Amino acid sequence: MEHVAAFMLLVGCSGDMSVCKEIPVPVAAYESVAECRQELPLQIRLSGTVDERVLGACKEVSEDVFQQSATVDWTVSRDGRLAINFDAEPSLVASR
C-alpha cells in the first residue's frame, strides 16, 4: 500500500478577495491530512501576514508527488474556499 501524505497551503487575500498570494509555511508536508488540519489554525495565526483574510487548506497527496517535480495550482472560490491541485511533471530520462 502506498503511503499517503498531506500538503499545507496558506494564502493571504485582500478584504474583497480580489488579490491573493501564497504565504510561506515552516512545514508544508505532513504524514496525514488529520495532522495537517490539526496544525492549520496555529499556522494561520503564526503566519505574520498583514493580509485582511488568510485562508488555509490541507490536500491529501501521494508521497510520489513530494519526490518529483510538480506544480501546485490553487484557486479561491467566491465563497472563500481554497482549492489545491497538483500537476506532476513527467520525469525525463536521457538516453543514448
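Is Lys 21 buried, exposed or partly exposed? Lys 21 is partly exposed, with a relative accessible area of 45%. The model shown here is predicted. Its mean pLDDT is 84. A search of the whole structure finds two salt bridges and two disulfides. The largest nonpolar core holds eleven residues.

**Confidence**

- In this protein, 79% of the residues reach a pLDDT of 70 or more.
- Among the elements, helix 1 has the highest mean pLDDT, at 94.
- Helix 2, residues 63-67, has the lowest mean pLDDT, at 65.

**Salt bridges**

- Side chains of opposite charge can pair when their charged atoms come close.
- Asp 51 forms a salt bridge with Lys 21. The closest N and O atoms of this pair are 2.9 Å apart.
- This pair links distant parts of the chain, 30 residues apart. Lys 21 lies in strand 2, residues 20-23. Asp 51 lies in the loop between helix 1 (33-45) and strand 4 (53-62).
- Asp 51 has 18% relative accessibility. Buried means under 20%, so Asp 51 counts as buried.
- Lys 21, at 45%, falls in the partly exposed class.
- The second salt bridge joins the side chains of Arg 81 and Asp 79. The N to O distance is 3.1 Å.
- Both Arg 81 and Asp 79 are exposed.

**Disulfides**

- Cys 13 and Cys 20 form a disulfide. Their sulfur atoms are 2.1 Å apart.
- The link of Cys 13 and Cys 20 is right-handed, with 115° about the S-S bond.
- Cys 13 counts as buried, because its relative accessibility is 0%. Cys 20 is partly exposed, with a relative accessible area of 24%.
- Cys 36 and Cys 58 form a disulfide too, with sulfur atoms 2.1 Å apart.
- The link of Cys 36 and Cys 58 is left-handed, with -85° about the S-S bond.
- This pair connects distant parts of the chain: Cys 36 is in helix 1, Cys 58 is in strand 4, and they are 22 residues apart.
- Cys 36 is buried, at 0% relative accessibility. Cys 58 is buried as well, with a relative accessible area of 14%.
- What is the pairing when the bonded cysteines are numbered in sequence order? The pairing is 1-2, 3-4.

**Nonpolar cores**

- In soluble globular proteins, nonpolar side chains tend to be buried together.
- The largest nonpolar core includes Phe 7, Leu 9, Val 11 and Cys 13. Met 17, Leu 55, Ala 57 and Val 61 also belong to this core. So do Leu 82, Ile 84 and Phe 86.
- Three strands each supply at least two residues of this core: strand 1 (4-13), strand 4 and strand 6 (82-88).
- Which element gives the largest share of this core? Strand 1 does, with four residues.
- A second, separate core has nine residues. Among them are Ala 6, Met 8, Leu 10 and Tyr 30.

**Residues and elements to find in the structure**

- Cys 13 belongs to the largest nonpolar core and also forms a disulfide with Cys 20.
- Helix 1 has the highest mean pLDDT of the elements and holds Cys 36 of the left-handed link.

How values were computed:
Residues numbered from 1 in each chain as written. Predicted model: local features only at pLDDT ≥ 70, side-chain atom pairs only at ≥ 80, totals over all residues. Heavy atoms only, no water. Salt bridge = Lys/Arg side-chain N within 4 Å of Asp/Glu carboxyl O. Buried < 20%, exposed > 50% of the residue type's maximum accessible area, 1.4 Å probe, protein only. Core = buried A, V, L, I, M, F, W, Y, C linked by side-chain atoms within 4.5 Å. Disulfide = S-S within 2.5 Å. pLDDT = per-residue confidence, 0-100.
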